[in-house]
Amino acid sequence: MKTPADKSNKKKFVQYLISEMLQGRTDIFYETLADDVRLTIIGSTPVSGTHVGKEAFQKEYMGKIMPLLKSIKFHHDLFIGEGDNVVVTFRGEGLSIKGEPYNNSYCYIYRFKNDKIAEIIEYTDTALINKLFESNIDS
């Protein structure tokens with residue numbers, strides 16, 4: 001998919017970013033994050049809370065959850081955009097490193113500022129995240 005020349009349509013831009021990520025081009029997503037991006041994971045899990053900055057996004061979120069997954073594939077269901085806000089719902093189908101199913105549902109809210117993603121709020125099944133950590137980290 002070609003980069004949208006006009007980033008004013010945030011919904012189309014997020015659709016573009018996600019299509020690129022699904023093809024393995026995660027670099028374009030990280031380039032679009034504001035340096036001080038705020039990622040908030042709702043709930044009480046090892047990755048819940050607000051993580052500020054690109055490094056925290058990688059280390060405190062991706063760096064903790066991705067090593068527990070052998071594979072994951074995402075299926076996007078809904079994109080809603082208004083102004084600088086985009087809501088995306090999607091499902092993930094995956095396997096933990098121990099071969100257990102990890103099938104979660106997500107709702108992400110993206111908030112833009114100056115054509116950068118300034119905030120992401122994630123709503124998901126936190127019980128599944130807790131189970132993933134409990135089942136796949138050796139005590």
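This is a predicted model: local features need pLDDT of at least 70, side-chain atom pairs count only at pLDDT 80 or more; totals for chains, interfaces and linings use all residues.
View 1. Leaving aside residues up to four places away in sequence, Phe57 touches Phe29, Tyr30, Leu33, Leu39, Met62 and Ile120. Arg38 lies 19 residues from Phe57 in sequence, and the C-alpha atoms of Phe57 and Arg38 are 8.1 Å apart in space.

View 2. Six strands make up an open sheet with mixed pairing, in the order 2-1-6-5-4-3. Strand 2 (49-52) and strand 3 are the edge strands, and each has a single partner strand, so one side of each is left without a neighbour in the sheet. Direction ignored, neighbouring strands of this sheet are turned by 20° against each other on average. Helix 3 (residues 54-65) packs on the sheet, where it touches strand 1 (33-41), strand 2, strand 3, strand 5 and strand 6, and the direction of helix 3 makes about 40° with that of strand 1.

**View 3. Two antiparallel strand pairs.** Strand 3 (residues 69-82) pairs with strand 4 (residues 85-96) in the antiparallel sense over twelve bridges, and within this pairing Ser71 stands opposite Leu95 of strand 4. The two strands, strand 3 and strand 4, form a hairpin with two residues between them, and Gly83 in the turn has a positive phi of about 60°. Strand 5 (residues 101-113) and strand 6 (residues 116-124) are likewise antiparallel, paired over eight bridges, with Arg111 opposite Glu119 of strand 6.

**View 4. The largest nonpolar core.** The largest nonpolar core has 32 residues, and those with the most contacts inside this core are Val14, Phe29, Leu33, Val88, Tyr110, Ile117 and Ile120. For one of them, Ile117, the residues touched are Leu17, Phe29, Thr32, Leu33, Ala34, Val37, Tyr110, Arg111 and Phe112, when residues up to four places away in sequence are not counted.

View 5. The structure holds twelve aromatic pairs. One of these is the edge-to-face pair of Phe74 and Tyr106, with 6.0 Å from centre to centre and 70° between the planes. Phe74 lies in strand 3 and Tyr106 in strand 5, so this pair ties together parts that are 32 residues apart in sequence. Elsewhere, Lys10 lies over the face of Phe112, at 5.6 Å from the ring centre.

**View 6. Helix 4 and Ala127.** Helix 4 (residues 126-136) lies across strand 3, strand 4, strand 5 and strand 6, and runs at about 120° to strand 5. Ala127 is found in helix 4 and is exposed, with a relative accessible area of 53%. Although Ala127 and Ser44 are 83 residues apart in sequence, their C-alpha atoms are 8.8 Å apart in space.

Conventions: Residues are numbered from 1 along each chain as its sequence is written. Side-chain values use heavy atoms; hydrogens and water are left out. A nonpolar core is a set of buried Ala, Val, Leu, Ile, Met, Phe, Trp, Tyr and Cys residues joined through side-chain atoms within 4.5 Å. Buried means under 20% relative accessible area, exposed over 50%, partly exposed in between (1.4 Å probe, protein chains only). Contact means heavy atoms within 4.5 Å. Two strands pair if DSSP finds at least two bridges between them. Helices (H or I, at least four residues) and strands (E, at least two) are DSSP runs, numbered from the N terminus. Axes are lines fitted to C-alpha atoms, for helices over the stretch in contact, and angles run from 0 to 180 degrees between N-to-C directions. Rings of Phe, Tyr and Trp (its six-membered ring) pair if their centres lie within 6.5 Å; planes under 30 degrees apart count as stacked, over 60 as edge-to-face and the rest as tilted. A charge sits over a ring if NZ of Lys or CZ of Arg is within 6 Å of the ring centre and within 35 degrees of the ring normal.
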